[in-house]
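Me: I would like to learn how to read a structure. Please take one feature at a time.

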Amino acid sequence: MEKWLTIGIDPSGIGVTGIYIKTFNYQWPKRWYENIEASSPVEAAIKIIEYINKIKKTLPEEVFIKEVIVEVPHKGIEKWTEVKATRELVGILKYVYKNKFKGHQPNHKDKKLKESIKNSKKYLSDHQLDAEVIMHAHFREEVFGWCCENYLGREIPHGKKDK
């Protein structure tokens, strides 16, 4: 049976990025939460990749990264430098994780789910909560009829293979 990691990321090119990593088909579900603070998109990308690789090294070799689910910024105009920096960070993550990359819009996050997680796990920051909720949004896209975005920026309807 294949064993894999799924990673949820709430990116911020300047500021705090939330990461949620979960194992599947492993001995038992393991979860890691992390906040990464950075002052530039390149620094944030380096820290994110290093953190993911550090977690992956603690697991057996047969565990692989299946999906990297990232909240992508809306496609509107860039009024603030933070939005531009976040887009740069998402672009770097698209390049690094290519076929594993799955992007979701901010409006895909379930507010009720976020509140229930917040009440049960009071020690988590908002960024870590958003990372977990965006991962759950990916798993529920069929229910809500959402599409995720691949690394080329094309929308993929749920259940179809990425080309």
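Me: Which residues in H3 meet which residues in H4?

Reply: First, the ground rules. This is a predicted model, where local features need pLDDT of at least 70 and side-chain atom pairs count only at pLDDT 80 or more, while totals for chains, interfaces and linings use all residues. Residues are numbered from 1 along each chain as its sequence is written, and side-chain values use heavy atoms, with hydrogens and water left out. Contact means heavy atoms within 4.5 Å. In H3, Leu113, Lys114, Ile117 and Lys118 meet Asp126, Leu129, Asp130, Glu132, Val133 and His136 of H4. By class, this contact has four nonpolar, one polar and five charged residues.

Me: At what angle do H3 and H4 pack?

Reply: Two packed helices are described by the angle between their axes and the distance between the axes. Here H3 (residues 111–120) and H4 (residues 126–139) pack at about 130°, with axes 10 Å apart. H3 and H4 are therefore oblique to each other (angles under 35 degrees count as roughly parallel, over 145 as roughly antiparallel, 65 to 115 as roughly perpendicular and the rest as oblique).

Me: Is Glu71 buried or exposed?

Reply: Buried means under 20% relative accessible area, exposed over 50%, and partly exposed in between, with a 1.4 Å probe and protein chains only. Glu71 has 11% relative accessibility, so Glu71 counts as buried. Glu71 is found in strand S4 (residues 63–71). Not counting residues up to four places away in sequence, Glu71 touches residues including Ile9, Val90, His104 and Ile134.

Technical notes
Axes fitted to C-alpha atoms, helices over the stretch in contact; angles between N-to-C directions. Helix = DSSP H or I, 4+ residues; strand = E, 2+ residues; numbered from the N terminus. Nonpolar A, V, L, I, M, F, W, Y, C, P; charged D, E, K, R; others polar.
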